[in-house]
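Here is a short briefing on charged side-chain pairs. Take a look at the sequence and structure first.

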Amino acid sequence: GGNVDPTNSPGGCTIINCTFNHLNSAVGVTVYGIGNLVQGCLFENLTYSWGVFLMGSNNVVRGNTFTNISSIYGYGIHPDIIMIFGDNGQWSINNIFERNYIVNCPLAQAMDASEKSSPGGTPVTATNFWGLVIRNNVYEDTSMQFSVEIPNVRFYNNTFRNCTSAI
């Protein structure tokens, strides 16, 4: 939601080996704080949903599997593996998305990273409030895109197999 200051949100939380299955118009994991870990989880059969809403700083999303995340055009929110947006004090910096396996996610965005959440929202313009590293992930049998509107996003050593509209 709006006006969430990551420094006042839960930090140091660990979410390990959880399953998020058959979510519809929902979010698997929402992270706002500092130093949180989401690891070894399974995000599957998500319709019109986001896998991870990633805000705050120094959070790590590692070693997860995202599969069968999809939607039908014109209905519900668009599905995203990672969603980042900010208005009025939200920010996302020094977060890491690594060693994840994304497979069979038709019509999903790999990432939607925007400075503002909605038309009329106030974008956070300071570049030091934004940053994400996406490294060593495998994207397979997936049609998706990366929508990057924030600065300091870096891609390293990712593998794309049998994908369309990858970057």
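What follows covers the salt bridges and their surroundings.

This is a predicted model, where local features need pLDDT of at least 70, side-chain atom pairs count only at pLDDT 80 or more, and totals for chains, interfaces and linings use all residues. Residues are numbered from 1 along each chain as its sequence is written, and side-chain values use heavy atoms, with hydrogens and water left out. The model has 3 salt bridges, each a side-chain nitrogen of Lys or Arg within 4 Å of a carboxyl oxygen of Asp or Glu.

**The network**
- Salt bridges link Arg62, Glu98 and Arg135 in a network.
- Arg62 and Glu98 pair at 2.8 Å, N to O.
- Arg62 sits in strand E8 (residues 60-62) and Glu98 in strand E11 (residues 92-98), so this pair ties together parts 36 residues apart in sequence.
- Strands (E, at least two residues) are DSSP runs, numbered from the N terminus.
- Glu98 also bridges to Arg135, with the closest N and O atoms 2.7 Å apart.
- Arg135 belongs to strand E14 (residues 130-135), 37 residues from Glu98.

**The other pair**
- Glu140 and Arg161 form a salt bridge at 3.3 Å, N to O.
- Glu140 is in strand E15 (residues 138-140) and Arg161 in strand E18 (residues 159-161), 21 residues apart.

**Exposure**
- Buried means under 20% relative accessible area, exposed over 50%, and partly exposed in between (1.4 Å probe, protein chains only).
- Glu98 is buried at 6%, and Glu140 is buried at 18%.
- Arg62 is partly exposed at 21%, as are Arg135 at 28% and Arg161 at 41%.

Terms used: Helix = DSSP H or I, 4+ residues; strand = E, 2+ residues; numbered from the N terminus.
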